[in-house]
Amino acid sequence: MKHSEVIALRKAFNSVKERQAQNPQAFFEERKKKLMATRELCVGNDEILSKAIDKLKKNGMKVHLAKEGNEAIGMILNELGEEKLVVKSKSNVTKEIELTKALEKKGLTVIETDIGDRILQVLKASPSHPTGPVTHLSAKEIAKGLTEYYGKPVKDDPEDIVRIVREDVISSLSEAKVGVTGANAITAEEGSIVMAHNEGNIYEVMRKEKHIVVTSIDKIYPDLESAMNMLKILSYNATGATIPSFVEIISGVSKTADVEKKFIKGVHSPSEITVILVDNKRSELAKTNARELLYCVGCGNCLLYCPMYNTIGNEFARGSNLGGKGIAYHSLYNNEKDEKLEYCLTCGKCRENCPMGLDIPAIIKRIRSSGLSSDVYYFLKSHMLWLYYQSLLRLRSE
Ligand code: SF4
Ligand code: SF4
């Protein structure tokens with residue numbers, strides 16, 4: 001990652017920390033304990049998963065359980081039928097299964113509707129934070145890329161950038177008949193899909209004629225109360241706000257029985273909701289001593305404090321798996337000792353700042369214990385420490 005991108009990243013990280021400082025962490029201590037208890041209960045729990053699936057079906061939704069990514073893509077293609085345009089919102093699971101790439105290969109156009117994700121898509125860049133994907137890019141760099149893509153001048157002014165990208169997204173939203181979203185939680189008691197957002201785009205995407213929800217089996221929560229508890233913690237740790245601007249709770253399709261009690265679906269939209277629950281080795285991981293990786297709520301707070309991420313940014317990542325947690329997950333998923341694991345300083349800053357207290361350095365140590373030789377490891381570690389201190393010195397002199 002370029003030095004200017006690291007500077008922009010740290011600036012963005014500092015503003016999240018400042019917002020967090022306005023809401024003391026102590027407020028969340030009880031909530032964190034409750035969240036941990038629900039994650040321990042639900043991860044790898046087939047009974048709760050089956051209960052959620054049954055309830056979603058009873059609520060009139062189609063549900064598919066996909067063992068792995070390609071199977072999920074096949075199911076989504078099947079649901080899409082002849083459609084050629086898809087609008088979608090931010091979803092880590094669709095990134096994981098590389099849905100956009102797969103759909104584009106089949107000739108479909110996929111438009112990201114989250115402003116940050118659409119900018120990444122247009123600039124063909126990599127994300128730098130799970131909830132703030134373009135935090136490493138300055139307005140100047142973004143404006144340059146957009147000017148080339150749209151073939152008209154875009155000012156390096158955040159308002160102008162958002163206006164132009166928004167216009168682009170709105171035109172696709174009005175044309176598309178299918179919307180794909182992720183989900184922050186699926187609740188077993190109610191059979192509800194819970195989605196949080198700040199931009200308002202999910203509201204538009206989920207109201208297409210057909211709504212496809214692509215999420216993973218570790219997003220199951222016992223009930224709406226526990227899902228809301230998770231959302232508060234997620235929001236605080238991701239942005240510093242105690243609750244996102246919007247929380248959507250979907251428990252069925254658009255319907256009415258107002259005229260002679262005749263049941264009519266799709267009065268407005270959607271008339272069809274399909275939920276794809278992706279396993280992708282999660283049920284295997286849940287049985288190992290790294291199961292706590294599945295407790296992660298994807299807030300990205302660990303990245304704010306990770307010295308390595310603050311030094312080399314998304315080079316301390318593997319694809320869309322960011323930071324130490326992401327690389328550990330990627331290694332376990334692929335059953336290989338990723339050399340990027342050796343970048344980790346095992347300093348524990350991620351664990352201290354993780355709302356779930358995930359012991360990422362311990363997991364990393366376990367994975368790499370039979371990896372590179374200790375000579376290689378100590379060389380890499382001292383090289384990374386040197387890089388980190390050099391970058392601190394450069395920052396101080398600017
Ligand atoms: S232990 Fe590793 S992943 Fe965690 S903050 Fe330190 S360098 Fe980053
Ligand atoms: S590891 Fe912890 S801090 Fe990092 S994204 Fe997951 S829940 Fe958040």
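Modeller: Axes are lines fitted to C-alpha atoms, for helices over the stretch in contact, and angles run from 0 to 180 degrees between N-to-C directions. Helices (H or I, at least four residues) and strands (E, at least two) are DSSP runs, numbered from the N terminus. This is a predicted model, in which local features need pLDDT of at least 70 and side-chain atom pairs count only at pLDDT 80 or more, while totals for chains, interfaces and linings use all residues. Residues are numbered from 1 along each chain as its sequence is written, and chains are lettered from A and ligands numbered from 1 in the order in which they are written.

Biologist: At what angle do helix α7 and helix α9 pack?

Modeller: Helix α7 covers residues 115-123 and helix α9 covers residues 158-175. Their axes lie 10 Å apart, and the packing angle is about 85°. That makes α7 roughly perpendicular to α9 (the class for 65 to 115 degrees).

Biologist: Which residues of α7 meet α9?

Modeller: Two residues are in contact if their C-beta atoms, placed from the backbone, lie within 7 Å. On the α9 side, the partners are V162, V165, R166, D168 and V169. The α7 side consists of I115, R118 and I119.

Biologist: Against which elements do the buried residues of α7 pack?

Modeller: A residue is buried if 20 or more other C-beta atoms lie within 10 Å of its own, with C-beta atoms placed from the backbone. In α7 this holds for G116, D117, R118, I119 and L120. The buried residues of α7 pack against β3 (109-112), α8 (139-150) and α9.

Biologist: Which residues are closest to ligand 1?

Modeller: A residue is near a molecule if its C-beta atom, placed from the backbone, lies within 6 Å of it. In all, 14 residues surround ligand 1. Elements giving two or more residues to this shell are α15 (323-334), α16 (349-352) and α17 (360-368). The closest residues are C306, G324, C344, C347 and C350.

Biologist: Which residues are closest to ligand 2?

Modeller: Ligand 2 is surrounded by 13 residues. The closest of them are C296, C299, N301, C302 and C354.

Biologist: What is the radius of gyration of the protein chain?

Modeller: The chain has 18 helices and 14 strands. The globule rule, 2.2 Å times the number of residues to the power 0.38, gives 21 Å for 398 residues. The chain is close to that value, so it is as compact as a globular protein of that length. Taken over C-alpha atoms, its radius of gyration is 21 Å.

Technical notes
Parallel < 35°, antiparallel > 145°, perpendicular 65-115°, else oblique. Buried ≥ 20, exposed ≤ 12 C-beta atoms within 10 Å, placed from the backbone.
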